[in-house]
Amino acid sequence: MLPFPDASNGPRPGTPGYRRPVFYLLHVGVETRDRSLLEAKGANYAVIAKTTQYCKERGIPDQHLQTDYLQIRPYAHRGNQININYYEVEQCLRIIIEDFSQYEDILTKLLMLGINQVHHIEYRSTQMQKH
């Protein structure tokens, strides 16, 4: 388990000025593709639904789950006519985890449920660094 960031721009655990994070902010997403727009969208929404349900089962409150963005794009071959090859649907969530002991298990399970993008993970504290 990696409970703390290995960041070069701030103090590390055990060094002066370090403050334990108050919560983790996960920014994760799922990207699906299909020749059918409805199939791509349905598959995407199914993963997001399983993800949010799992988070709720782990005790993460609704206010800590937020859709960050949804993007739907057609990909086409351009010749004499425009032919859609497939549609890509991408949806991202922001998830706040306050219980540090759950972080690794939750992230692993999200990947097993179909999350295929981890954009970034932030470690936030409400305490300012002491100088």
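Reply: Start with the sheet. It is open, has 4 strands in the order β2-β3-β1-β4, and its pairing is antiparallel. Strands (E, at least two residues) and helices (H or I, at least four) are DSSP runs, numbered from the N terminus. Two strands pair if DSSP finds at least two bridges between them. Strands of a sheet pair through backbone hydrogen bonds, either parallel or antiparallel. β2 and β4 are the edge strands, each pairing on one side only. On average, neighbouring strands are turned by 15 degrees against each other, direction ignored. Axes here are lines fitted to C-alpha atoms, for helices over the stretch in contact; angles run from 0 to 180 degrees between N-to-C directions.

A word on the basis. This is a predicted model: local features need pLDDT of at least 70 and side-chain atom pairs pLDDT 80 or more, while totals for chains, interfaces and linings use all residues. Residues are numbered from 1 along each chain as its sequence is written, and side-chain values use heavy atoms, with hydrogens and water left out.

Now β1. Of its 12 residues, 9 are buried, so β1 is largely enclosed by the rest of the structure. Buried means under 20% relative accessible area, exposed over 50%, partly exposed in between (1.4 Å probe, protein chains only). On one side, 11 bridges join β1 to β3, and the two run antiparallel. Arginine 33 has glutamate 88 in β3 as its bridge partner. β1 and β4 also run antiparallel, joined by 7 bridges. Leucine 25 stands opposite glutamate 122 in β4. The helix α1 packs on this sheet: it touches β1, β2 and β3, and its direction makes about 10 degrees with that of β3. Contact means heavy atoms within 4.5 Å.

Tyrosine 24 stands opposite tyrosine 123 in β4. That leads to the rings. A pair of aromatic rings is described by the distance of the centres and the angle of the planes. Rings of Phe, Tyr and Trp (its six-membered ring) pair if their centres lie within 6.5 Å; planes under 30 degrees apart count as stacked, over 60 as edge-to-face and the rest as tilted. By this rule there are 4 aromatic pairs. Tyrosine 24 and tyrosine 123 form one that is edge-to-face, 4.9 Å centre to centre, with 75 degrees between the planes. This pair links distant parts of the chain: tyrosine 24 lies in β1 (residues 23-34), tyrosine 123 in β4 (residues 117-124), 99 residues apart. Tyrosine 24 is buried, at a relative accessible area of 0%. Tyrosine 123 is partly exposed, at 24%.

Tyrosine 75 and tyrosine 86 also pair, but stacked: 4.9 Å centre to centre, 15 degrees between the planes. Tyrosine 75 is in β2 (residues 65-78) and tyrosine 86 in β3 (residues 82-97), 11 residues apart. Tyrosine 75 is partly exposed, with a relative accessible area of 30%. Tyrosine 86 is partly exposed too, with 23%.

Next, the nonpolar core. Such a core is a set of buried Ala, Val, Leu, Ile, Met, Phe, Trp, Tyr and Cys residues joined through side-chain atoms within 4.5 Å. The largest has 20 residues, and Leu26, Val28, Ile60, Ile95, Ile97 and Leu110 touch the most other members. β1, α1, β3 and α2 (103-113) each supply at least two of its residues. α2 gives the largest share, 5 residues. Leucine 26 shows the reach of these contacts. Not counting residues up to four places away in sequence, leucine 26 touches Leu93, Arg94, Ile95, Ile97, Tyr103, Leu107, Leu110, His120 and Ile121.

Leucine 113 counts as buried, at 16% relative accessibility. Its C-alpha atom is separated by 6.5 Å from that of valine 47, 66 residues apart along the chain. Neighbours within four places aside, leucine 113 is in contact with Val47, Lys50, Thr51 and Tyr54.

Histidine 64 is found between α1 (37-57) and β2. Histidine 64 is buried, with a relative accessible area of 14%. Beyond four places in sequence, histidine 64 is in contact with Arg94, Ile95, Ile96 and Glu98.
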